[in-house]
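I wanted a look at this chain before doing anything else with it. These are my notes, in the order I looked things up.

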Amino acid sequence: MAARTDQTTDPRLQDELLQARRGTAYFARKLNELSDAELDGGTLLPGWTRRHLVAHVGYNARAVARLIEWAATGVETPMYASTAARSHEIDFGATLSPTALRNLFDHSAVHLNVEWRDLPADAWHHKVKTAQGRTVPAEETVWMRTREVWVHAVDLDNGAAFTDIPAPVLTRLLKDITAAWHTRGTDAGLLIKVTGTDLTFGDTPAENPTVITGPLAAVAQWATGRGTQGVTATHAGAPRAEVPAAPPWI
Ligand SMILES: O=C(O)/C=C/C(=O)CC(=O)C(=O)O
């Protein structure tokens, strides 16, 4: 019989699961605030309507659940058959009726939650491969989903804001993004400082960097490519007229 509580007793992982579940509840709340007609509206993601976004978040839960099944059984089950299959699925999902789209989101979120809940404690360390080709322990799927639900809730463009996202999630997001930039070498000469904290990201050894400064939520929003509100840029101590666009992240 399936367990009714998480099998993991690792407090760090339990905390991460809580952030993912809170993010899912937050996305659900913003989705429920939209009328069926409003699902036809645009998002913060170029070319995607809210229908595309809801379909993606639903199929993402199914894809992440496949990684958990992989971790549980050892049978390789990739997130998506291919990049083209992922895109095709999202385009198809966007054509579903509003009721079917809402059911897709709800049912896939419950399915993923059950997979997480029932994964035996030792299987969280089993290795799986993400759609981006990264080999990671199954526990990484919790962060992958956390990132999706919190950021895409903002992308729904009906009132969610980066200031609603918990600080630990924003901090990890900034670490992720700046690590991706570093790997690609696109962070050269770019230093990010979070006001009111000692958090610093980016090209810390740079001698004369462009410094992007702002509160945690504003800096995270900028780093994800979702606007420059609340951030300032300086170079050689002088303010720059325009805040540069953040390097691409994914
Ligand atoms: O973090 C990774 O390596 C991969 C993440 C994803 O593939 C998430 C998606 O973009 C998706 O579900 O399509």
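What follows goes from the whole chain down to single residues.

**Ground rules.** I'm working with a predicted model, where local features need pLDDT of at least 70, side-chain atom pairs count only at pLDDT 80 or more, and totals for chains, interfaces and linings use all residues. Residue numbers start from 1 along each chain as its sequence is written.

**Overall shape.** I started with the radius of gyration, taken over C-alpha atoms, with a globule rule of 2.2 Å times the number of residues to the power 0.38. A compact globule of 250 residues would come out near 18 Å, and the chain has 19 Å, so the two agree. Along the principal axes, the C-alpha atoms fill a box of roughly 65 × 45 × 30 Å.

Next was burial: I call a residue buried if 20 or more other C-beta atoms (placed from the backbone) lie within 10 Å of its own, exposed if 12 or fewer, and partly exposed in between. Buried residues are 36% of the 250 in the chain. For contacts I ask that two C-beta atoms, placed from the backbone, lie within 7 Å. Of the contacts with a separation of 6 or more, 58% join residues 24 or more positions apart.

**Secondary structure.** I took helices (H or I, at least four residues) and strands (E, at least two) as DSSP runs, numbered from the N terminus. That gives 7 helices and 7 strands, in the sequence pattern α-α-α-α-β-β-α-α-β-β-β-α-β-β.

**The sheet.** I found an open sheet of 5 strands, ordered E4-E3-E5-E6-E7, with mixed pairing. Strand E4 (200–202) and strand E7 (238–239) are the edges, each pairing on one side only. E3 (residues 190–194) runs antiparallel to E4 over 3 bridges. Lys-193 is opposite Thr-200 in E4.

**Domains.** Bounds here come from an automatic or database domain assignment. That assignment gives domain 1 (11–160) and domain 2 (167–239). Their C-alpha centres are 27 Å apart. Where they touch, 8 residues of domain 1 contact 6 residues of domain 2. Helix H5 (residues 140–155) gives the most to the domain 1 side, with 6 residues. I sorted residues by class, with Ala, Val, Leu, Ile, Met, Phe, Trp, Tyr, Cys and Pro as nonpolar, Asp, Glu, Lys and Arg as charged, and the others, Gly among them, as polar. The domain 1 side then has 5 nonpolar, 2 polar and 1 charged residues.

**The ligand.** Which residues are around the ligand? Counting a residue as near if its C-beta atom, placed from the backbone, lies within 6 Å, I get Asn-60, Ala-63, Met-79, Arg-86, Thr-130, Ala-131, Gln-132, Arg-134 and Met-144. By class, that shell splits into 4 nonpolar, 3 polar and 2 charged residues.

**Two residues up close.** I picked Leu-67, in helix H2 (residues 50–73). It counts as buried because 25 C-beta neighbours sit inside 10 Å. Leaving aside neighbours within four places in sequence, Leu-67 contacts Met-79, Val-128, Ala-138 and Thr-141. Thr-77, 10 residues from Leu-67 in sequence, is 6.3 Å away, C-alpha to C-alpha.

Then Ala-100, in helix H4 (residues 98–118). Ala-100 is exposed, because 12 other C-beta atoms lie within 10 Å. Ala-100 and Arg-172 are 72 residues apart in sequence and 33 Å apart in space, C-alpha to C-alpha.

Key:
Pairing = 2+ DSSP bridges.
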